[in-house]
Amino acid sequence: MPIQYYIFFCLTLFSIGVVGVLTRRNAIIVFMCIELMLNAVNLLLVAFSKMYYGLATQNGVANTVGIDAQIFVFFIMVVAAAEVSIGLAIIVMMYRNTHSIDINFLNRLKN
Amino acid sequence: MALMKILIAFIILWPLAGFLFNGLGRNYWSKKVIAYKATGYILASFIASIFAFIQVQANGAVSVHYFDFINTATLKIPFDFKVDALSSLFLLVITGVGTLIHLYSTAYMKDETAPHYARYFSYLNLFIFSMLVLVLGDNYVVMFIGWEGVGLCSYLLIGYWFTNGNYNYAAKKAFIMNRIGDLGFLLAIFWLIAKLGAVSYSEVLTAESLAKLSSADITGITLLLFVGAMGKSAQIPLFTWLPDAMAGPTPVSALIHAATMVTAGIYMITRSNILFSHSAITQNLMAIIGISTALLAATIAIKQNDIKKVLAYSTVSQLGYMFLGLGVGAYSGAVFHVITHAFFKALLFLGAGSVIHAMHHEQDIRKMGGLKSKLPITHLTFLIGCIAIAGVPPFSGFFSKDEILAAAFAKSPIYWVLGLIGAAMTAFYMFRLYTTTFLGKFRGTADQEHHLHESPVAMTLPLVLLAIASAIAGAIGIPEMMGGHHWLSHQLIPIVGEPVELGLSHSMEWILMAISVSIALIALFLAISIYTKRTDDVPKSFLGRFFFQKWYLDELYNEAIVLPLNRFAGFLKNVIEKQVIDGAVNGTGKLVQYSARKVRLIQNGQVGYYILFMVIGIILLFVFWFNDLNILRFLNNLNQH
C-alpha cells in the first residue's frame with residue numbers, strides 16, 4: 001500500500017482527536033481524544049518505519065533501518081499508559097470535588 | 001636638583017596641608033589654632049619661595065619632574081614644575097601678599113563661627129595652592145589644572161556667605177564667565193597638541209616648534225589663549241564678573257580679585273610671549289581691548305559710590321593697562337605692573353576692608369568722610385596706595401605705568417593719548433574715593449561715629465608692610481634714563497628676551513613722563529578740590545547715569561545672552577523634554593498597558609480556548625514556516641519512492 005494512505009488516515013485520526021479535544025466538555029472524552037492523537041502519531045511512525053525498512057532492504061543496505069521509530073512507539077505507549085493512570089486519577093478527584101467531569105468547571109484558577 | 005625637587009614640593013604642599021587641615025578639622029579646632037596654622041603654612045611657603053628665588057638667582061632656571069600626568073604612545077604630559085625668573089617672582093608675590101592677607105583675615109573674619117572660619121581659611125589655602133600650581137607648572141596642562149583650581153576657589157570664596165542669594169548669584173556669574181574663557185584656553189591646548197603633540201614650554205616655545213606652525217595656527221592659538229586670559233583677567237567682554245565678585249569677604253577681593261588670580265592671564269601670555277610676538281593680529285587686538293577696558297572701567301569707577309566697587313573697576317582698568325603693555329610688546333612692563341599693582345591694590349582693598357570693619361559693614365562712601373583722624377594708620381597707608389596707583393613719582397605705580405605708556409607711545413601715539421586719559425581718570429577716581437572717605441566731616445549715623453576705631457594690629461601690620469612695598473617696589477624697575485638699570489627687565493631676559501629698543505630719545509621720554517605726571521597731578525588736585533565740598537548723589541545727567549549704571553552692560557548681557565538662553569532652555573524643557581521625550585516614553589508605557597488590557601481578555605480560564613489557540617498557532621506555523629514549498633518537497637520525495 002502506498003504510504004499516502006497511511007498519511008491521510010493518520011491525518012484524519014489526528015484531526016478527529018484535535019476537534020474532539022476542542023469541542024467536547026466531558027473530561028473522559030477529551031482524554032480519549034488525546035489518546036487518539038497519540039495513536040495517530042504512533043501509527044504514522046510505524047508506517048514510515050516500515051517504508052524506510054522496505055527501501056533499505058531493496059537497496060541491500062542495513063537491515064536495521066527504521067527500528068528506532070518502532071522503539072520510539074513503545075516509549076510513547078508506555079508514557080501514554082502512565083499518563084492515563086494519572087489522568088484518570090485526576091478525573092476521579094475532580095469528580096469527588098465537583099460532582100461533575102465537565103472541564104468547563106475547571107476554571108477556578110481564573111482571576 | 002634633588003634639593004630643588006624637595007624645595008618646590010615644600011612650597012606647594014604647605015598650602016595644601018593647610019587646606020586639608022582646616023577643611024577636615026573644621027569642627028575640631030579652635031579659631032586660634034586655625035588662624036595660626038593657616039597663616040603659618042603660607043608663611044612657610046613664602047620662606048621656601050625665598051630660598052627658591054635665591055636658588056634661581058644663583059643657578060638659573062630649574063625644571064623638576066615628579067611623575068607623568070598622561071603617558072600614551074603619542075602624547076606624553078609630564079607633571080613638571082619649573083622655577084625660573086618669572087615664576088619665582090610670582091611665587092614671592094603670591095606667597096608674600098598671601099601671607100599678609102591671611103594675617104589680615106585672622107582679624108577681619110573674627111566674628112565668624114569656628115567651622116566657617118576654618119572653611120574660609122581652607123578655601124584661602126586651597127587658592128594659594130592652586131595659584132602656585134598655575135605659576136609653577138612647566139606645561140600648559142599643569143597650568144590649566146591650577147587655572148581651574150583658582151577659578152573654583154574664587155567661586156567658593158565669592159559665595160562664602162552662602163545664605164545671601166545675591167552673593168551666590170555673583171559667584172555663579174564669576175564661575176560661568178570664567179568657564180567661557182577657560183574653554184578658549186582648553187581649545188588652545190588641544191590645538192597645540194594636535195599640531196605639535198606637546199604642551200611643555202620647553203617644547204612648544206622654541207624656534208623649531210614655531211617653524212612647524214603656520215601663521216594661521218599661531219594666530220588661532222594665541223587668540224584662544226587670549227580668550228582664556230580675557231575671562232580670568234576680566235577684559236572686555238568678559239569683565240562684568242569682577243565687580244560682582246566683591247560680594248566675597250574683602251581680604252578675598254584683595255588677594256584673589258586684585259593681587260593674584262586676575263593676573264593669571266598676564267602671566268600666561270607673558271609665558272607664551274614667543275607665540276604672541278609672532279601674531280600681529282592678536283597683539284593689536286590685545287592692545288585695543290586692553291586700552292578699551294582700561295578706559296571703560298575707569299569711566300565706571302568715577303561714578304560708583306561703593307568703596308569696593310570703585311576699587312574693583314579700578315582693578316579692571318589696571319588689568320587693561322597690563323594688556324595694553326602685552327599688546328605693545330612690553331612684557332616686562334606688564335609683569336612690572338602686575339607686581340606693583342599686587343602691592344598697592346592689595347593695600348587699597350585691605351584699607352577699604354579696615355574702613356568697612358570700622359564702619360560696621362557700611363560700604364557706601366557717601367556715608368563716610370572725616371575718617372582721617374579716627375583711623376590714622378588706615379588713612380596714611382590708603383593715601384600711599386592712592387598715590388602709588390595714581391602714578392605720582394617716586395611711588396611704584398609711576399614706574400610701571402610709565403614703562404607701559406612709553407612702550408605704547410613707541411607703538412602708536414594714539415595708545416599713549418588714550419592711556420594718558422585713563423591715567424588721569426585713575427588719579428581722579430582714586431582721589432575722589434580718598435577725599436570722600438577720609439576728608440571732610442563724618443556723614444554716617446551717630447552710632448557709627450561712636451564706634452569708629454582703628455583696626456587691630458593683625459590688620460594694620462599688613463597695611464603698613466604693603467604700604468612700604470607700594471612705595472618702594474618701583475626700585476626693581478627704575479629705567480636707565482634715571483640712572484637705574486632696570487633690574488626686572490634684566491631678570492626677565494630668559495623669558496621675554498632683550499627689552500625692545502623703543503627708539504625714543506631720553507629727552508622724549510622725559511617729556512612724556514612729565515606730561516603724564518602733570519596730568520595725573522592735575523586730576524588728583526581737581527578731585528580733592530571737588531569732593532571736599534560735596535559728594536556725588538545719583539547722577540542726573542545722561543552721561544553720568546550711563547557711567548553710574550556701568551554702561552548698562554549687565555542689562556545688555558541679560559537681554560542679549562542670558563534671556564535668550566533662558567528662553568531656549570525653557571523651550572527645551574517645556575516642549576522637547578516634557579512633550580517629545582516624555583511623550584515617547586509615556587506613550588510606550590501607555591501602548592503596552594492598553595494592549596495588555598485588551599489581550600488579557602483572551603485568558604479567560606476556559607481550557608478549550610487555550611487549546612484552540614494552540615492549534616491555530618500550530619496551523620499558522622505550518623503555513624508560514626513549513627510553508628507549501630517545504631510540504632510539497634516532502635510529498636515529492638515520498639512519490640519518488
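Ile288(B) is partly exposed, with 16 other C-beta atoms within 10 Å. This residue, Ile288(B), belongs to helix 14 (residues 280–303) of chain B. In sequence, Ile288(B) and Val328(B) are 40 residues apart. In space, their C-alpha atoms are 9.8 Å apart. Ile3(A) sits in helix 1 (residues 3–23) of chain A. Ile3(A) is partly exposed, with 16 other C-beta atoms within 10 Å. Between Ile3(A) and Met51(A) the separation is 48 residues in sequence, and the C-alpha atoms are 7.3 Å apart.

The model is predicted. Its scores are ipTM 0.72 and pTM 0.79. Chain B has a mean pLDDT of 89, and 98% of its residues reach 70 or more. Helix 5 (residues 140–158) of chain B has the highest mean pLDDT, 94. Helix 28 (residues 628–640) of chain B has the lowest, 69.

Chain B contains 28 helices and 2 strands. Its C-alpha atoms fill a box of roughly 125 × 65 × 55 Å along the principal axes. Of its 641 residues, 49% count as buried. Contacts in chain B were considered between residues at least 6 apart in sequence; 81% of these join residues at least 24 apart.

The buried residues of helix 12 of chain B include Ile266(B), Tyr267(B), Met268(B) and Ile269(B). Arg271(B) is also buried.

Two packed helices are described by the angle between their axes and the distance between the axes.

The axes of helix 2 (residues 31–59) and helix 3 (residues 85–108) of chain B cross at roughly 160 degrees and come within 9 Å. That angle makes helix 2 of chain B roughly antiparallel to helix 3 of chain B. Their crossing is left-handed. In helix 2 of chain B, the residues that meet helix 3 of chain B include Ala35(B), Ile42(B), Phe46(B), Phe53(B) and Val56(B). Among those on the helix 3 side are Leu91(B), Leu92(B), Gly96(B), His102(B) and Leu103(B). By class, the contact of helix 2 with helix 3 of chain B has 13 nonpolar, 10 polar and no charged residues.

Helix 11 (residues 250–259) and helix 15 (residues 307–327) of chain B pack at an angle of about 5 degrees. Their axes are 11 Å apart. The angle makes helix 11 of chain B roughly parallel to helix 15 of chain B. Helix 11 of chain B contributes Thr250(B), Ser253(B), His257(B) and Ala258(B) to the contact. Helix 15 of chain B contributes Lys308(B), Ala312(B) and Thr315(B). The contact of helix 11 with helix 15 of chain B has 2 nonpolar, 4 polar and 1 charged residues.

Helix 17 (residues 376–390) and helix 21 (residues 457–472) of chain B pack at about 30 degrees, with their axes 9 Å apart. Helix 17 and helix 21 of chain B are therefore roughly parallel to each other. The crossing of helix 17 and helix 21 of chain B is left-handed. From helix 17 of chain B, the contact includes Ile377(B), Thr381(B), Ile384(B) and Gly385(B). From helix 21 of chain B, it includes Leu463(B), Val464(B), Ala467(B) and Ser470(B). The residues of the contact of helix 17 with helix 21 of chain B divide into 7 nonpolar, 5 polar and no charged.

Most residues other than glycine have a negative phi, and most peptide bonds are trans. A cis peptide bond joins Ile236(B) to Pro237(B), with omega about 5 degrees. Pro237(B) is in the loop between helix 9 (215–232) and helix 10 (241–244) of chain B. Ala234(B) lies in the loop between helix 9 and helix 10 of chain B. Its phi is positive, about 55 degrees, although Ala234(B) is not a glycine. Ala234(B) counts as buried, with 31 C-beta neighbours inside 10 Å.

The peptide bond from Pro393(B) to Pro394(B) is also cis, with omega near 5 degrees. Pro394(B) is in the loop between helix 17 and helix 18 (396–411) of chain B. His361(B) has a positive phi of about 60 degrees and is not a glycine. The loop between helix 16 (331–358) and helix 17 of chain B holds His361(B). His361(B) is exposed, with 8 other C-beta atoms within 10 Å.

Technical notes
Residues numbered from 1 in each chain as written. Chains lettered and ligands numbered in written order. Predicted model: local features only at pLDDT ≥ 70, side-chain atom pairs only at ≥ 80, totals over all residues. Axes fitted to C-alpha atoms, helices over the stretch in contact; angles between N-to-C directions. Helix = DSSP H or I, 4+ residues; strand = E, 2+ residues; numbered from the N terminus. Parallel < 35°, antiparallel > 145°, perpendicular 65-115°, else oblique. Left-handed = near helix turned anticlockwise from the far one by under 90°. Contact = placed C-beta atoms within 7 Å. Nonpolar A, V, L, I, M, F, W, Y, C, P; charged D, E, K, R; others polar. pLDDT = per-residue confidence, 0-100. Buried ≥ 20, exposed ≤ 12 C-beta atoms within 10 Å, placed from the backbone.
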